[in-house]
Amino acid sequence: MADLSVDLGFLKLKNPILSASGTFGYGVEFSPFVDLSKLGGIIVKGLYFSAREGNPPPRLVETASGLLNSIGLQGIGVKRFSEEILPQLKKYQTAIIVNVCGESEEEYVSVVDFLKKEECISAYELNISCPNIKRDGQCPALHPDSTFSIVNLVKKNTSKPIITKLSPNVTDVAEIALSAQEAGSDAVSLVNTFLGMAIDVETKSPELANIFGGLSGPAIKPIALRMVYQVANAVNIPVIGIGGIMSGKDALEYLIAGAKAVEVGTANFIDPEITLKIVRELENYCQREEIHKIEEIIGTLKIGTLKLDNAG
Ligand SMILES: Cc1cc2nc3c(=O)[nH]c(=O)nc-3n(C[C@H](O)[C@H](O)[C@H](O)COP(=O)(O)O)c2cc1C
C-alpha cells in the first residue's frame, strides 16, 4: 500500500484530501457517509464570533457544470462550535482545521482567541476571500495590503498555523499569495468561489436574492488549476489546491501542478462519500504507477520547450 501522507511542515496529513469549508457542514454531519478518520483533514464551515443567519433566500442556483451560492456565511458562532461540535469532532483521527471569518480584522482575532484552549484544532484557514459578504464581492483577499494586514494581525495573536484562503477574483493571484507569505502565513489555499450571477428571463430579475454569488464546481477547475500552478511557482510555503475536484484524477492534476494537498467542495453535494472515494482512487493510482509515496508526484509537471516559430 502506498504512503499517501503529506507533510505541510507545520502539519502532517495522513492523505492529501481535505473537505472544503462550507460544503461539509461541521464534519459530523458527514459521519454517516464517510469514516472521518480516513480523511486527511476536515475544514469546517466558516466561523464568525457570533451566530449568523447568512443572506436571504434564494441563495443557491445550479449552472452549467457549477453551483452559484450566496449563503453569506451562515453559522453557529464560536461558543456553540466549541461546546457542541468539537467534543464530537475530536473523537476522529484526522486534522481539524477551522475556517475563520470576520466582519473586521478584530473579529478574526476574537475567533482564534476564543478557541485558543482547544488543543484539537490543528490549524486555522483564514477566509479572507468570501465574495458573499458585501454585495459587490469586496473582501480583504482582493488587495495585497489588506491581505498582509489581516494575516499579520492574526498570526501575532495565535500560536497555531495559519492557512490563508485566497480569492480567484483578482488579476494576479501570485501577488496576493506573496503578501500572505510575507505576513507570516504558514500556507495558502486557493481558490474560493468566482463572483458570478444568473438571471431569470421570465421575471428579468436576478436568481439570487443577493444578485451576485460565488461559482464553484467543475466549471471552475481549469482556471483554479492554472492559479494554483502560478502560486506554487511563486511562493515557498505549501499550497493547497481547491476548485472543481470531482475525482482522483482532478486531485492528481492539482498535486502535479504543485499543490501539497487539496480540498473537495461542491462534489460533496452530489456524492456525500466522494472524499473517501477520491482517497481510494489515489491509492489505486499509486499502486498502478508503482509510486511508493504520493509526495513523489507533487510539482512534477513536465513542461516541454515552447516552439514559437510559426506559432499562430
Ligand atoms: C455552499 C458553499 C458554501 C461555502 N462556504 C464557505 C465558507 O464558509 N468558507 C470558505 O472559506 N469557503 C466556503 N466555500 C468555498 C469552498 O470552500 C471552495 O473554496 C469552493 O467551493 C471551490 O471549491 P469546489 O469547486 O470544490 O466547490 C463555500 C462553497 C459553497 C459551494
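Guide: A polar contact is a pair of N or O atoms within 3.5 Å. Keep that cut-off in mind, and remember that this is a predicted model.

Visitor: Which backbone atoms come within the cut-off of a ligand oxygen?
Guide: A backbone N or O atom of Ser21 lies 2.7 Å from an oxygen atom of the ligand, and for Gly46 the value is 3.1 Å. The protein covers 97% of the 610 Å² of accessible area that the ligand has on its own.

Visitor: Why is the ligand said to sit in the largest pocket?
Guide: The ligand sits there because more than half of its atoms lie within 2 Å of the pocket's grid points. About 580 Å³ of space lies in this pocket. Of the 40 residues lining it, Ser21, Gly22, Thr23, Asn69 and Thr193 are the closest to its centre.

Visitor: Why are Ser21 and Lys165 counted among the residues around the ligand?
Guide: Each has a heavy atom within 4 Å of the ligand, so each belongs to the 24 residues that surround it. By class, this shell has 7 nonpolar, 15 polar and 2 charged residues.

Visitor: What makes Lys165 a charged residue?
Guide: Lys counts as charged, together with Asp, Glu and Arg, so Lys165 falls in that class.

Note on methods:
Residues are numbered from 1 along each chain as its sequence is written. This is a predicted model: local features need pLDDT of at least 70, side-chain atom pairs count only at pLDDT 80 or more; totals for chains, interfaces and linings use all residues. Side-chain values use heavy atoms; hydrogens and water are left out. On a 1 Å grid over the protein atoms alone, a cavity is a set of points where a 1.4 Å probe fits but cannot get out, and a pocket is an open set with protein on both sides within 12 Å along at least five of seven lines; lining residues have an atom within 4 Å of a point. Grid points are joined across faces, edges and corners, and a volume is the space filled by probe spheres set on the points. A polar contact is a pair of N or O atoms within 3.5 Å; within protein, one must be able to donate a hydrogen and the other to accept it, and residues adjacent in sequence count only if both atoms are side-chain atoms. Accessible areas come from the Shrake-Rupley method with a 1.4 Å probe; for residues, only the protein chains shown count as cover.
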